[in-house]
Amino acid sequence: MSDTTKTHSETPQVGIIGLSHLGIIWSVGYASLGFDVIGYDSESRAVETLQKGTLPIPEPNLPELFKKAGSHLQFTSDPELLKKCRVVFFARDVPMDEEGQIDLTEINNLLDKTIPYLASGVDFIFMGQVPVGYTRSLGSRIRKYRPELLFSLIYRVETLTIGQAVNDFLKPDRIIVGLEDSSQGLNSRVQAVLHDPFKVPLVIGSYESAELTKSAINVYLANSVTFVNAIADLCEKVGANIHEIVAAMKLDRRFSPYSYWRPGLGFAGGHLERDLMSLSRLAKENGLVPQLLNTIIQSSKGRYRWLVQALEETIFTDHQKPTLSLWGLAYKKGTDSLHNAHCLKVIRDYGERANILAYDPLAKLPSSIQNVRVVSDKFEALRQSDGLIILTEWDEFRINEAEPFLQLMREPVIIDGVNILGPKVKQNSSINYIAMGIPRRSHL
């Protein structure tokens, strides 16, 4: 722990309910800080996997943190053990459908299984993306099930990013919580677990403010993406360079240099789009017209047309059935998830029109997809290719030498959807390099 003067006996025992992505990070993270942690899930298979020392999620630095946690960490499917914990986090990931609709069935079922085992005097910290008003109703739910239970209920805004979740846990920018009465502040036990180890600003509001803050953060990020995409489109038309413009804007004190200022193919993975759709529904339910939210959603859905246009104007003008190389299947680096991944759209639209060779260091295509040959090496995917599409920003794609493309590809046409290749590749006159927000060179 950050405060090394505390003895082991003074450290409150922490319970983590729900061993999906968020719960695993939280369990391992707190145990690595010296807290005794009980990670619980009703799904015995998930628990058995973790008990064997196998981590089911691919997060950078998580294996090292898991090793550091050592004897402080215990996984169980026995809810009785939660009675030992005076601070309990509910960290089950909140499921959603393809339309961004939150499904609380799984969350409510797990709550029903665990509320009977909360110890009197427990501090119960709920995390997860839920509709505004859910945490306050959860307090009523607990009181109905356990009228004798003494407890405090806190909503903790969770902002983990897949692929950098360990760093997000250990070094958060700030901690945002919601309380039933925000004027009361945190008690000393919650303060010792939730805030003290991290030494970052603490923001306290009502349940509703904290719940809406989570969505507001994602909407602002989504708006940043929409903005930079719009400027990138203009750059391509007038001969400007989006990266030179962004470099200048980041120096303005009114803007954050860490904003999502990179043009892209639209939201993937679902989290940003889910929050936009959820807030759009909330606005409509309250008699508002969510014009900004709807504009961002439609702009994101339309970004894929940029890739289609680039393919049709280059590779498919000269070849009836070209060979396409595809670098990147996962929707982002650091994960094996294909949820709403751009590769699925490319395979859907071009799987019959082209021979596709694909490579990803982690993600696997489902067995139902037959019209793609997946190879085990990125350069193997380039052999005799008529064009390369880069869809995921894996670090191993950060190549700044033109030779592999010139030597392995039949025609070095590169559509870089994540702007990851170096200047020696981008500026090579023998490579037709295409990326968002920069003028296209003419190739004879």
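User: Which residue does Arg92 meet in a salt bridge?

Analyst: The side chain of Arg92 meets that of Glu43, at 2.8 Å from N to O. A salt bridge here is a side-chain nitrogen of Lys or Arg within 4 Å of a carboxyl oxygen of Asp or Glu. Arg92 lies in the loop between strand E4 (87-90) and helix H4 (105-114), and Glu43 in the loop between strand E2 (37-40) and helix H2 (44-51), so the pair ties together parts that are 49 residues apart in sequence. Helices (H or I, at least four residues) and strands (E, at least two) are DSSP runs, numbered from the N terminus.

User: Before we go on, what sort of model is this?

Analyst: This is a predicted model, in which local features need pLDDT of at least 70 and side-chain atom pairs count only at pLDDT 80 or more, while totals for chains, interfaces and linings use all residues. Residues are numbered from 1 along each chain as its sequence is written, and side-chain values use heavy atoms, with hydrogens and water left out.

User: Back to that pair: is Arg92 buried or exposed?

Analyst: Arg92 is buried, at 8% relative accessible area, whereas Glu43 is partly exposed at 42%. Buried means under 20% relative accessible area, exposed over 50%, and partly exposed in between (1.4 Å probe, protein chains only).

User: Which residues are linked with these two in a network?

Analyst: The network of salt bridges links Asp41, Glu43, Arg92 and Glu106.

User: And how many salt bridges are there by this rule?

Analyst: The count comes to 19. Among them is Lys83 with Glu80, whose closest N and O atoms are 3.1 Å apart. Lys83 is partly exposed, with 39% relative accessibility, and Glu80 is partly exposed at 39%.

User: What does Asp395 pair with?

Analyst: Asp395 forms a salt bridge with Lys333, with 3.1 Å between the closest N and O atoms. This pair links distant parts of the chain, 62 residues apart: Asp395 is in the loop between strand E12 (387-390) and helix H15 (403-408), and Lys333 in the loop between strand E9 (323-327) and helix H14 (342-350). Asp395 is partly exposed at 47% relative accessibility, as is Lys333 at 28%.

User: You mentioned H14. Which of its residues are buried?

Analyst: The buried residues in H14 are His342, Cys343, Lys345, Val346, Ile347 and Tyr350. Their packing partners are helix H12 (304-313), helix H13 (315-318), E9, strand E10 (355-359), strand E11 (372-374) and E12.

User: Where is Asn218, and what is it in contact with?

Analyst: Asn218 is in helix H8 and is buried, at 10% relative accessible area. Leaving aside neighbours within four places in sequence, Asn218 is in contact (heavy atoms within 4.5 Å) with His271, Leu272 and Asp275.

User: Last topic: at what angle do H10 and H11 cross?

Analyst: The axes of helix H10 (residues 271-285) and helix H11 (residues 291-302) cross at roughly 145° and come within 9 Å. Axes are lines fitted to C-alpha atoms, for helices over the stretch in contact, and angles run from 0 to 180 degrees between N-to-C directions.

User: Which residues make the contact?

Analyst: H10 contributes Glu273, Leu276, Met277, Leu279 and Ser280, and H11 contributes Leu293, Asn294, Ile296, Ile297 and Lys301.
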